[in-house]
Structure formats: C-alpha cells, structure tokens
Amino acid sequence: MTPLLKSFSALADETRMSIVEQLMDHGELPAGDLVRGSGITAPAISRHLKVLREAGLIMQRAEGTRRLYSARPEGLQLIATWTKSKREFWESSLDRLEAAMMEEDI
C-alpha cells in the first residue's frame, strides 16, 4: 500500500480522524488525554495510535513512563500535496458547471 493510501485508510476511521484533529488543535498530548472523553478503552486508543504512527500521521515520544503524541506535519503534507494536485480538475469542473447553469438561465 502506498503512503498516500495508508494515510487515507488511517483517516477513514472516525476515531483516528478525531485523534489527529485533537493533536493538530492542541499540540502534543499524552495518551491518557486522548482516552478521556472518547468513550473508548485505553487498549483501543493504543491500537488506533499504532495505525496512525504506521501511516506516518503522528509521532510518539517518551517522557519517563508517559507517551506523548503529536501530529506529524510531513505525513499530513502528503495529503495536502495530493489535494492541491487535484485543484485544477475541480476548478475546471466547477467552471463547466457554472457555464452550463448560465446556459439554462438564457
């Protein structure tokens, strides 16, 4: 599986998407903070974190016995680059739609 597909696959899960959003919004967080309020067990969060690490979307660092997680900009950049590369397609599609709608109004 390509890195881009791994990224999309990892983010397709609602819980994993939420984790990445939390890390982007709040910066580095301990695993315990990601568990609180999620309604998910610590082992389940741990499995989600592993998938996100393997996809290159987050990173982990140890601080004593705590594990701290943060979003990995390089991993997220891969998605941003792909999205930007498709911009021309969307813009031309929207231009064609606008032209078609204007023709119908005439």
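Visitor: What makes up residues 1-91 of the chain, and how far apart are the end C-alpha atoms?

Guide: In this predicted model, residues 1-91 are 64% helix and 15% strand, while the end C-alpha atoms of that stretch lie 29 Å apart. According to the unreviewed UniProt entry, residues 1-91 carry the annotation "domain: HTH arsR-type".

Visitor: How do you know which elements the chain has, and in what order do they run?

Guide: Helices are DSSP runs of H or I with at least four residues, and strands are runs of E with at least two; the chain has 6 helices and 3 strands, and from the N terminus on they are arranged as α-α-β-α-α-β-β-α-α.

Visitor: What share of the residues is called buried?

Guide: A residue is buried when its relative accessible area is under 20%, and buried residues make up 27% of the 106 residues in the chain. The chain exposes about 7500 Å², of which carbon and sulfur atoms supply 56%.

Visitor: How many side chains count as positive and how many as negative?

Guide: With Lys and Arg taken as positive and Asp and Glu as negative, the chain has 14 positive and 16 negative side chains, and the centres of the two sets lie 15 Å apart.

Terms used
Residues numbered from 1 in each chain as written. Predicted model: local features only at pLDDT ≥ 70, side-chain atom pairs only at ≥ 80, totals over all residues. Heavy atoms only, no water. UniProt positions renumbered as here; feature names shortened; annotations may be inferred. Buried < 20%, exposed > 50% of the residue type's maximum accessible area, 1.4 Å probe, protein only. Areas by Shrake-Rupley, 256 points an atom, 1.4 Å probe, with all protein chains shown as cover. Charge placed at Lys NZ, Arg CZ, Asp CG, Glu CD.
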